[in-house]
Amino acid sequence: MKSSERPKFGNLQNLKVLNAGAVIAAPFVCELFAEQGADVIELESTMAPDMYRMYGDAWSVDRRNQRMMTLNIPSPEGKEILLQMVKWADVLVESSKGGTWAKWGLTDEVLWEANPALVILHISGFGNWGDPDYVRKASFDPIGQAFSGYSNLNGFPGCPPNVTKPFTGDFATALMGAWATLAAVIRARETGEGESIDCTQFESLVRIQGATLSDGINHGIQPMRIGNEDLVGACAGSQKCKDGYVQVAVGGAGPVRKLVEFFGFADDEDFQPLGSYASITRAPGCKSLDEPLPPRAAKFRAALDSWCEEHTVEEVNRTFSEMGIPVSPHMTYAMMLEDPHYQAREVFIDVHDEITGKDVKQVNMMPKFSKHPGQIIRGGAKYNTDTNDILEEFGYSPEEIELLYEKGVIKKGE
């Protein structure tokens, strides 16, 4: 696909992006941009195809709208081509171990010589600076979760730390990187001065630990792994029903009062004064799930557990929803496909996949823009699909392109 063939749409239609990352975090940043109309070129390695191609239909989703080109970046000719493309680009996104691009001779300063306004997003496990032993370490999503302490918060009592699925660290890192990149682009367009952003997996996960982190680093509190329980609220949250599970959020003075009355505790002295509490809580300062519940919490917990177990998921969801109680079934993918709200909001759509030649059902774009919505103009493309078109845009003749293939600077697809 040539740049001139791309339709104009979305809020980022004047943004030009080089995606020199692989697998999940860095390309997901670029895919979000591409959904909003940015012209994104993914530079796929000639050494091996992007590992994410192993995930089948997910490739069609998480590389949609991007133009695919092969390039051996660290080769002399590859660096020359890259620097020409940098002059065109607003943003370059890369994901490698810290110091890799500097080792190739492609420091931020070299890139800024080609384009002083370039915004560079470096995504890595541990960063491009810090303790040298860490900077050189390789990382994948579970490594970032472990080093950030995130996995140590998840799991059940007496069980090992739990890495949350799927790829929580990678997607959190991508969202951090995306907002930071757009902030830098705004500034670069105001001043003509580019920016370098060092975005790490582990720091992205440290950043989203909220009160748990604050208590830990200020008061030395390392919370036990408690599964779906809570050391403040006394209810399980994930409630067992006759035929599955629902999630109930027992919170807010109004909803809590309705449940107290529903379970017949309106006149119970342990629940007075009625409506004066926004949650059913454990004892203050609770440190363990083994600590006995106070009378109000014990009675309420037993009533909630018993009532849910005696009813179906549909009955619990309908009854509590009508009462204004926050509740949801724990959805399976089959349930999601049949759910009327999913259907009304078109959460899933069919997109033609040029690799298989078939339509692939995939998640739609979100958030949803009303005035300048994004579009999906193609699914993830085949290896090397757009290399010739892109190089021709940058002034290379067919003969020069063929010579680059012969030298291994670019690589033909199968």
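In the predicted model, E310 is partly exposed, with a relative accessible area of 49%. This residue is placed in the loop that runs between helix α12, residues 295-309, and helix α13, residues 313-322. Although 32 residues separate E310 from Y342 in sequence, the C-alpha atoms of the two residues lie 28 Å apart in space.

The protein as a whole contains 17 helices and 11 strands, and its C-alpha trace extends over about 85 × 50 × 40 Å along the principal axes. When contacts between residues at least 6 apart in sequence are considered, 71% of them join residues at least 24 apart. The protein carries 39 positive and 58 negative charges, and the mean positions of these two groups are 0 Å apart.

Two residues illustrate polar contacts between a side chain and the backbone. T173 belongs to helix α8, which covers residues 168-191, and it is buried, with a relative accessible area of 0%. The side chain of T173 comes to 2.6 Å from the backbone oxygen of G169. Once residues up to four places away in sequence are set aside, T173 touches A25, I123, C199, T200, Q201 and S204. Q36, in turn, is located in the loop between α1 (25-35) and β2 (39-44), and it counts as buried at 10% relative accessibility. A polar atom of the Q36 side chain lies 2.7 Å from the backbone nitrogen of N11. With residues up to four places away in sequence left out, the residues touched by Q36 include F9, G10, N11, L12 and Q13, and also F369, H372, P373 and G374.

A search of the whole structure for disulfides finds 0. As regards accessibility, C30 is buried, with a relative accessible area of 0%, whereas C159 counts as partly exposed at 38% relative accessibility.

The backbone geometry was also examined. Most peptide bonds are trans, and most residues other than glycine have a negative phi. Against this background, the peptide bond from K165 to P166 is cis, with omega near -15 degrees, and P166 is found in the loop between α7 (141-148) and α8. A cis peptide bond also joins M366 and P367, where omega is about -5 degrees; the position of P367 is in the loop between β11 (358-363) and α16 (387-393). The loop between β11 and α16 also holds N384, which has a positive phi of about 70 degrees although it is not a glycine, and which counts as buried at 11% relative accessibility. A positive phi, near 70 degrees, is found for V23 as well, a residue other than glycine. V23 is placed in the loop between β1 (16-20) and α1, and it is buried, with a relative accessible area of 18%.

Methods:
Residues numbered from 1 in each chain as written. Predicted model: local features only at pLDDT ≥ 70, side-chain atom pairs only at ≥ 80, totals over all residues. Heavy atoms only, no water. Helix = DSSP H or I, 4+ residues; strand = E, 2+ residues; numbered from the N terminus. Buried < 20%, exposed > 50% of the residue type's maximum accessible area, 1.4 Å probe, protein only. Polar contact = N/O pair within 3.5 Å; in protein donor to acceptor, adjacent residues only side chain to side chain. Contact = heavy atoms within 4.5 Å. Lys, Arg positive; Asp, Glu negative; His and termini not counted. Charge placed at Lys NZ, Arg CZ, Asp CG, Glu CD. Disulfide = S-S within 2.5 Å.
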